[in-house]
Amino acid sequence: MNRMLMISFLFLLGSYALKAQSFNGSFSSNINVGTVVNMTLTPNVSSNITLDGTNLQQGYNNSAFSSVQVKSNASWLLNVRSATTYFTASGIYASPNMPASILSLSSPGKQVSLSTQDKLLSSGTRGNASASGNSFNVGLIANPGYNYGPGIYSINIIYTLTAQ
Amino acid sequence: MQAAKRNQEYKGFHFIGFTGSCYLRVLKIKFITLRISIKYFLVAAILQVFIFSASGQNNQNYITLQANSTNFTLNSVAALENPQTITNAFNFQLRSRYSYIIYARVQNISSSNGVYPPASLLSVQCNYGPSGTDYSKINLSSTDKEIQSGNGFSSSTTFRYDLILEPFGYNYPAGSYYYTVLLTMTQP
């Protein structure tokens, strides 16, 4: 009898061991992330401006000329430059020699006059557009004075966003 | 898969050690009080061999995991801002004589740049399974989360899963991030 009890007990243990088990396996997932920088430039006012007498005397200044939103997974630099040294002039009295430097762009705490060389307008750290410093207004200052004749002047401004 | 197999073998052996010590203790008591003959030891030894062979995976209780394509490449704004899904990223064959629960968790995260995103960036979602399969998306974490359960199968059954990377965003720098996902089947 005792022998049967003993064997039954051992079988009981055995069946318990068979049931309470766990098995496992694993796999790896590699996430390869490249450097991504992105900028949205939104004009807040028309890029065509008319300078009246007051503007010629005091200059034109709009601190919210356009808005910039940066999204980047790296620290970033925003440079600006003009596409050409001089404005393209049209009109009988227009001067062909109005330089890009009569224009300046501003960002919070910074102002740069334009030339064909890149100039640092702003910088920031990684994050989306809601991250601190990644959304800001760009101001436009135009100060041609009385040195250039009346006419229509145009110039392209190039913004370049790079990862640091 | 080699690593996975080692884990399975380790778990089985660990359990055997425990049951073995139980036997010895039981046998010792019986030896003193009932003067058991050498036959008890023979019976115990036979049973020990029986249990040893059954405690690891066997042809009636196993889970075999197969990873097909589980890597993500994020090189654009769209890739960083939207969920990325790899269809049929992995599958597993399951056979269980008993009721079972399958758990999944992110076991380890490493990176090339010392920055460690959270485990919750990964989710899994079954796209193929037998009747009664849970097809909901399960967001992973560093602790076990139940992804399937059932009453057992008399034959091998396949589950296919999509692997989902939630929007990665801009808070983590460029680099390589390595996630190890652990699946565990238990028979409670």
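**Rings, charges and confidence**

Analyst: Happy to! Let's begin with a cluster: ring pairs link A:Phe27, B:Phe90, B:Phe92, B:Tyr100, B:Phe153, B:Phe159 and B:Tyr161. Please keep in mind that this is a predicted model.

User: How many aromatic pairs are there over all chains?

Analyst: The count over all chains comes to ten aromatic pairs. One of them joins A:Trp76 and A:Phe136.

User: What makes A:Trp76 and A:Phe136 an aromatic pair, and why is it stacked?

Analyst: The ring centres of A:Trp76 and A:Phe136 are 6.3 Å apart, with 10° between the planes. A:Trp76 belongs to strand E4 (residues 76-82) of chain A and A:Phe136 to strand E9 (residues 135-142), so the pair ties together parts that are 60 residues apart in sequence.

User: Why do A:Trp76 and A:Phe136 count as buried?

Analyst: A:Trp76 has a relative accessibility of 0%, and A:Phe136 has a relative accessible area of 9%. Buried means under 20%, so the label follows for each of these values.

User: Why is the pair of B:Phe168 and B:Tyr172 called edge-to-face?

Analyst: Here the angle between the planes is 65°, with the centres 5.3 Å apart. Planes over 60 degrees apart count as edge-to-face, so that is the name this pair gets. Both B:Phe168 and B:Tyr172 are buried.

User: How do you know that the charged end of B:Arg160 sits over the ring of B:Tyr128?

Analyst: The charged end of B:Arg160 is 4.4 Å from the centre of the B:Tyr128 ring. The distance limit is 6 Å, so that part of the test is passed. The pair is listed as a charge sitting over a ring.

User: What makes B:Glu81 and A:Lys71 a salt bridge?

Analyst: Their closest N and O atoms are 2.8 Å apart. The cut-off is 4 Å, so the pair qualifies. This bridge crosses between chains, from helix H3 (residues 77-81) of chain B to strand E3 (residues 60-72) of chain A. B:Glu81 is partly exposed, at 33% relative accessibility.

User: Why does the pair of A:Asp118 and A:Arg81 count as a salt bridge too?

Analyst: For A:Asp118 and A:Arg81, the closest N and O atoms are 3.8 Å apart. That distance is within 4 Å, so the name applies. A:Asp118 is in the loop between strand E7 (110-113) and strand E8 (119-124) of chain A and A:Arg81 is in strand E4, so the bridge ties together parts 37 residues apart in sequence. The relative accessibility is 41% for A:Asp118 and 27% for A:Arg81.

User: Why is A:Ser104 called buried, and what is in contact with it?

Analyst: A:Ser104, in strand E6 (residues 103-107) of chain A, has 9% relative accessibility. The limit for buried is under 20%, so the residue meets it. Leaving aside neighbours within four places in sequence, its contacts include A:Gln111, A:Val112 and A:Leu140.

User: Where in chain B does the pLDDT stay under 50?

Analyst: One such stretch is residues 1-27 of chain B, for which the model still has 37 contacts beyond four places in sequence. Over residues 44-56 of chain B the pLDDT is below 50 as well, with 27 contacts beyond near neighbours in sequence. Where pLDDT is low, the predicted coordinates should not be read in detail. Chain B averages a pLDDT of 78, and 70% of the residues score at least 70.

Definitions and conventions. Residues are numbered from 1 along each chain as its sequence is written. Chains are lettered from A and ligands numbered from 1 in the order in which they are written. This is a predicted model: local features need pLDDT of at least 70, side-chain atom pairs count only at pLDDT 80 or more; totals for chains, interfaces and linings use all residues. Side-chain values use heavy atoms; hydrogens and water are left out. Helices (H or I, at least four residues) and strands (E, at least two) are DSSP runs, numbered from the N terminus. Buried means under 20% relative accessible area, exposed over 50%, partly exposed in between (1.4 Å probe, protein chains only). Contact means heavy atoms within 4.5 Å. Rings of Phe, Tyr and Trp (its six-membered ring) pair if their centres lie within 6.5 Å; planes under 30 degrees apart count as stacked, over 60 as edge-to-face and the rest as tilted. A charge sits over a ring if NZ of Lys or CZ of Arg is within 6 Å of the ring centre and within 35 degrees of the ring normal. pLDDT is the predictor's confidence in each residue, from 0 to 100. A salt bridge is a side-chain nitrogen of Lys or Arg within 4 Å of a carboxyl oxygen of Asp or Glu.
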